[in-house]
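Open the model in your viewer and keep the selection panel at hand.

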Amino acid sequence: MRRSHVPVTVTLTIALLVGAWEAGVRLFDVPAYLLPPPSAVLKAMVDWAPSLFGHTRATAVEVGAGFLLSAALGIPIGVIIVYSKWLEQVCYVLLVVSQSVPKVALAPLFLVWLGFGLKTVVLVTFLIAFFPVVIATVVGLRSAHPDMLQLARTLKASPLQTFWYFRLPAALPSIFGGLKVAATLSVVGAIVAEFVGSQEGLGYLILTANSMFQTPLSFASIAVLSVMGLVFFYLLVWLERVVVFWNREEASDEPSFRLQV
Amino acid sequence: MQAQQKKSRDSRGVTLEIVQVGKTFHTRRGTTHAIEEISFTVAPGEFVSLLGPSGCGKSTLLNMVAGLVAPDRGRIAIDGKTVTEPIDELGMVFQRDLLLEWRTVLDNVLLPVQIKRLNRKKYVERALDLLRLVGLEAFADRYPRELSGGMRQRVGICRALILNPSLLLMDEPFAALDIMTREQLGVDLLNVHARYRPTVLFVTHSIDEAILLSDRVLMLSPRPAKLLQEIDVGLERPRVAATRRHPGFLELVARAREVMETSMAL
């Protein structure tokens, strides 16, 4: 399928699904509090727009902060694990333990320590999101081709130079893979944390809407959340294309006659 | 002999001494005798090929000369000094071009300059000269992914030469390329050697290539490697593609082939 056709096809498919949803709800006379039709969801979005906007902004801040923290700490931890055998043992134990405990169970504890609001949510988000970043960093750094490292030795590069010139750039594709997973998890993490310990944000709004049987609003919040997740993810895809510019498939008309070694 | 002495007078290359060198690898899966005992000398500016079948240990020998691996027995000396680590004046070319995909061709050639913290500006001109010599001057600002395998390997050769090395080690640099590109790069390499005159140790399993490029060809047996035969390639320089049709060349190739076949039949 030609590249220009894809967005059109996607839009048409979504439109078809939404149309089927709307028709189905009306046809089978489904009560609104169970499954509202898309028209009701849209109406809810319009009616509750200011409130929706405020909560969206709150969640966006939490997601952003949690994600940045997971990147800022996850990548250095990954580097340390690769370069220090001793720290590797220590870190791995801590990491696996921290990941085995469900954050939902820990969230109430954080609530007691840090109170309601931003700090608790960001902490939970960070804990959920940083593990894939660490793993991706470790895998990426370790994937450096041994021949490359041999080249570095013939040039008498110091360990720092070997890291900076050879290992790190080669690890970036993998690191970005981890960051993309972390991005999605950040959204999940923020919502989960809001369920337990916040009085604002889209997660909080979903809970409140459900308790009031305002299902259209609940759906509207979920829809906004999905869009947020998508936008965030594609932001990272774009960033990756800019930073890891050399990884692209050459979309040229000339046949690529580079021999695969 | 006289020709060799003349060469050593106007070359900046090093003297290489391999004295009774042996190497054995001990792994969990068993012991591998890579090299039994080898001795030879390379004069400054000489182009010597190590010719042998795959897996015979010639790459191991090259890595030992490079200072990347230590010999178990014997000694390797460069200009009289025992080798313990890569020397500063080393240029090495591998079978894979090992270019950094995220740097331009020019930046790849200048990589050794950057790593050794030298003044980049001083070497840009030389980098462009080298690229011109291999026909890649126009690609200086391109990225490796835009080049073919042969072009990439040329860049790898330029990178190895940027600091005017006195010792150039090449480990089957053209093995992954098609025959026509191989032959073209062989010619490029001849030009480079004629211009800059480093001491060259060239590992290959191609008889033609070894004889066309070298002053001497050292033939190695299958593993564990021993020196079977030393062939003095008396052909005149500069060598060109047409040299392959020279009767002297064909005779040398035939002789080498005979030695090779005998050693493999044993």
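Is Glu172(B) buried or exposed? Select Glu172(B) and the residues around it: this is a predicted model, and in it 20 other C-beta atoms lie within 10 Å of Glu172(B). The cut-off for a buried residue is 20 or more such atoms, so Glu172(B) counts as buried.

**Other backbone stops in chain B**

Most residues other than glycine have a negative phi, and most peptide bonds are trans. Go next to Leu98(B), where phi is near 50°, again positive in a residue other than glycine. Leu98(B) belongs to the loop between β6 and α3 (105–109) of chain B. Leu98(B) is buried, with 23 other C-beta atoms within 10 Å.

Then select Arg223(B) and Pro224(B), which are linked by a cis peptide bond with omega near 0°. Pro224(B) is in the loop between β9 and β10 of chain B. Another cis bond runs from Arg237(B) to Pro238(B), with omega about 0°. Pro238(B) is found in the loop between β10 and α9 (247–265) of chain B.

**The sheet of chain B**

Switch to a cartoon view and colour the strands. Chain B has an open sheet of 10 strands with mixed pairing, in the order β5-β4-β1-β2-β10-β9-β3-β8-β7-β6. At the edges stand β5 (81–82) and β6 (90–93) of chain B; each has a single partner strand, so one side of each lacks a neighbour in the sheet.

Within the sheet, select β1 (residues 16–27) and β2 (residues 30–42) of chain B: they run antiparallel and are joined by nine bridges. In this part of the sheet, His26(B) is opposite Thr31(B) of β2(B).

**The nonpolar cores**

Which residues have the most contacts inside the largest nonpolar core? They are Val65(B), Cys158(B), Leu169(B) and Leu201(B), in a core of 81 residues. The element that gives the most to this core is helix α6 (residues 149–161) of chain B, with six residues. Centre the view on Leu201(B): leaving out residues up to four places away in sequence, it touches Leu16(B), Val42(B), Val48(B), Leu50(B), Leu62(B), Val65(B) and Leu169(B). A second, separate core has 46 residues, among them Phe126(A), Ala136(A), Val192(A) and Ile206(A).

**Chain A**

Chain A has 10 helices and zero strands. Its radius of gyration is 23 Å, well over the 18 Å of the globule rule for 261 residues, so chain A is more spread out than a compact globule. Along the principal axes, its C-alpha atoms fill a box of roughly 75 × 55 × 30 Å. Of the 261 residues in chain A, 31% are buried.

**Where the chains touch**

Show both chains again and select the contacts between them: 20 residues of chain B meet 18 residues of chain A. On the chain B side, the elements that give two or more residues are β6 and α4 (111–115) of chain B. By class, that side has 15 nonpolar, two polar and three charged residues.

Methods: Residues are numbered from 1 along each chain as its sequence is written. Chains are lettered from A and ligands numbered from 1 in the order in which they are written. This is a predicted model: local features need pLDDT of at least 70, side-chain atom pairs count only at pLDDT 80 or more; totals for chains, interfaces and linings use all residues. Two strands pair if DSSP finds at least two bridges between them. Helices (H or I, at least four residues) and strands (E, at least two) are DSSP runs, numbered from the N terminus. The radius of gyration is taken over C-alpha atoms; the globule rule is 2.2 Å times the number of residues to the power 0.38. A residue is buried if 20 or more other C-beta atoms lie within 10 Å of its own, exposed if 12 or fewer, and partly exposed in between; C-beta atoms are placed from the backbone. A nonpolar core is a set of buried Ala, Val, Leu, Ile, Met, Phe, Trp, Tyr and Cys residues joined through C-beta atoms within 7 Å. Two residues are in contact if their C-beta atoms, placed from the backbone, lie within 7 Å. Ala, Val, Leu, Ile, Met, Phe, Trp, Tyr, Cys and Pro count as nonpolar, Asp, Glu, Lys and Arg as charged, and the others, Gly among them, as polar.
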